[in-house]
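Here are a few notes to read with the model open. Take the points in order and find each part as you go.

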Amino acid sequence: MWPSTMNNYEPRKQSHIELCLREDVVFSGNCGHIFNEIFLVHRAIPGTRLNGIDLSVKFLGYELRAPIVIEAMTGGLPISRTINENLAKIAHKFKISIGVGSQRPILQSSFKQEVIDTYRVVREIAHDVPVIGNIGIVQLREISIDVLKMLI
């Protein structure tokens, strides 16, 4: 069960961010995961040039350069604004979609402006790509349509 107060939420998010800042969290492939069992077979296409490959895609009404999503989980903490701002700059520059993760912190903070701003900065900067947020089914059962519209 997820924490129901912002006080319980903050340490969890903060510890995730701190872990990424101080530890090597890149998947090494030596962890015994299922990914070690996947082998991709190279099948060259003669006569194809790298610059001739078009990865562009239309997604949610936006023209993107590649079918890639930057998925963040950082919203809600003061440091999150800077992280989300930088991720939004990347999404905007490379025309790829971006996610802001769970919007539960907005609900748990009773819509405090400083929490909202950690999310809003993404749309302000990455205004020409899809910005994807999520809300849990449990929260959907507890909120009104008007609150859901405010989150959107």
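1. Start with the lining of the largest pocket. By class, 12 of its residues are nonpolar, three are polar and two are charged. Keep in mind that this is a predicted model.

2. Which residues lie nearest the centre of this pocket? They are Val100, Gln103, Met150, Leu151 and Ile152, out of 17 lining residues. Helix H4 (113-125), strand E5 (131-134) and helix H6 (145-151) each give two or more residues to the lining. The space in the pocket comes to about 490 Å³.

3. Now find strand E4, residues 97-102. Is it enclosed or open? Six of its six residues are buried, so the rest of the structure largely encloses the strand. Buried here means under 20% relative accessible area.

4. E4 has a partner. Strand E3 (residues 69-71) runs parallel to E4, and three bridges join the two.

5. Turn to helix H2, residues 78-94. Its 17 residues reach 26 Å from the first C-alpha to the last. That is close to the 24 Å expected at 1.5 Å a residue.

6. Which residues of H2 are buried? Ser80, Asn84, Ala88 and Ala91 are. Look down the helix axis: these buried residues fall within an arc of 65 degrees, so they line one face of H2.

7. Finally, check the residue just after H2. Lys95 takes a positive phi of about 50 degrees there.

Methods. Residues numbered from 1 in each chain as written. Predicted model: local features only at pLDDT ≥ 70, side-chain atom pairs only at ≥ 80, totals over all residues. Heavy atoms only, no water. Helix = DSSP H or I, 4+ residues; strand = E, 2+ residues; numbered from the N terminus. Expected span 1.5 Å × (residues − 1). Buried < 20%, exposed > 50% of the residue type's maximum accessible area, 1.4 Å probe, protein only. Arc of directions from axis to C-beta. 1 Å grid on protein atoms, 1.4 Å probe; cavity = no way out; pocket = protein on both sides within 12 Å on 5 of 7 lines; lining within 4 Å. Points joined across faces, edges and corners; volume = space filled by probe spheres on them. Nonpolar A, V, L, I, M, F, W, Y, C, P; charged D, E, K, R; others polar. Pairing = 2+ DSSP bridges.
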